[in-house]
Amino acid sequence: SLPPDCPPDAEALGRSTWTLLHTIAATYPTAAPPEKQAEMKTFMNIFSRIYPCWVCAEDFQRWMERPENKLVPGQEGGHLGGRFSFGQWMCGAHNEVNRKLGKSEFDCRRYEERWRTGWAGGRCD
Ligand code: FAD
């Protein structure tokens, strides 16, 4: 029989969580109405306080508080305006963690292929 499943460590939790976060960003409206923007800000703020890897959560909160990363609903050209902007924001958030952990950075121009459409050439059919 198979070994029993075990509680996730920070790595397994991280992989699953990024899958959820990037999939949320990749399915966010292409142009988000004000109420969707406010909802997403609330979600990300609460997420950053309850993510159950406490050192990770603390660093992530600090990153979100930087002026250039702040989520401001209704802001002209803001990160919450629509799918493209929000995806690029999420990509930047993940790259910040990649840098911190010494992992290679992801090319954010390929965000849609990785998280929404699948790779050009059909590897994800
Ligand atoms: P992951 O980093 O989990 O990435 C999964 C897949 O996402 C990759 O295979 C790649 O296809 C894709 N990807 C990679 N980078 C990007 C990007 N920039 N944009 C879009 N897609 C991308 N771990 C710690 O040890 N310390 C921490 O402080 C820490 N902080 C974290 C904070 C948050 C908010 C989250 C969600 C996770 C955090 N983690 C942290 C976990 C860490 O980021 C990784 O998830 C974990 O180390 C497993 O890494 P991995 O190499 O399997 O790939």
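**A helical protein around its ligand**

The largest share of the shell around the ligand comes from α1, which gives seven residues. This is a predicted model: local features need pLDDT of at least 70, side-chain atom pairs count only at pLDDT 80 or more, and totals for chains, interfaces and linings use all residues. Residues are numbered from 1 along each chain, as its sequence is written.

Start at the ligand. There are 22 residues around the ligand, and Gly14, Cys56, Cys91, His94 and Phe106 come nearest. A residue is near a molecule or strand if its C-beta atom, placed from the backbone, lies within 6 Å of it. By type, the shell residues divide into 11 nonpolar, six polar and five charged. Here Ala, Val, Leu, Ile, Met, Phe, Trp, Tyr, Cys and Pro count as nonpolar; Asp, Glu, Lys and Arg count as charged; the others, Gly among them, count as polar.

Now step back to the fold. The protein has five helices and zero strands. From the N terminus on, the elements run α-α-α-α-α. Helices (H or I, at least four residues) and strands (E, at least two) are DSSP runs, numbered from the N terminus. Along its principal axes, the C-alpha trace spans about 55 × 40 × 30 Å. Contacts with a separation of 6 or more can be split by sequence distance: 52% of them join residues 24 or more positions apart. Two residues are in contact if their C-beta atoms, placed from the backbone, lie within 7 Å.

UniProt, in an unreviewed entry, lists residues 6-115 as "domain: ERV/ALR sulfhydryl oxidase". UniProt positions are given in the numbering used here, feature names are shortened, and annotations may be inferred rather than shown by experiment. In the model, the end C-alpha atoms of residues 6-115 lie 27 Å apart. The span is 63% helix and 0% strand.

What about the interior? Of the 125 residues, 14% count as buried. A residue is buried if 20 or more other C-beta atoms lie within 10 Å of its own, exposed if 12 or fewer, and partly exposed in between, with C-beta atoms placed from the backbone. The largest nonpolar core has 13 residues. Those with the most contacts inside this core are Ala25, Tyr28, Met40, Leu80, Phe86, Trp89 and Met90. The elements that give two or more residues to this core are α2 (34-50), α4 and α5. Helix α4 gives the most, with five residues. A nonpolar core is a set of buried Ala, Val, Leu, Ile, Met, Phe, Trp, Tyr and Cys residues joined through C-beta atoms within 7 Å. Take Phe86 as one member. Leaving aside its neighbours within four places in sequence, Phe86 is in contact with Ala25, Tyr28, His79 and Leu80.

Three further residues deserve a look. Trp18 is found in helix α1. Trp18 counts as partly exposed because it has 15 C-beta neighbours inside 10 Å. Trp18 and Cys91 are 73 residues apart in sequence, but 9.8 Å apart in space, C-alpha to C-alpha.

Pro52 sits in the loop between α2 and α3. It has 10 C-beta neighbours inside 10 Å, so Pro52 counts as exposed. Glu76 is in the loop between α3 and α4. Glu76 is exposed because 6 other C-beta atoms lie within 10 Å. The C-alpha atoms of Glu76 and Ser48, 28 residues apart along the chain, are separated by 24 Å.

Last comes confidence. The protein averages a pLDDT of 96, and 99% of the residues score at least 70. pLDDT is the predictor's confidence in each residue, from 0 to 100. For the complex, the predictor gives an ipTM of 0.99 and a pTM of 0.97.
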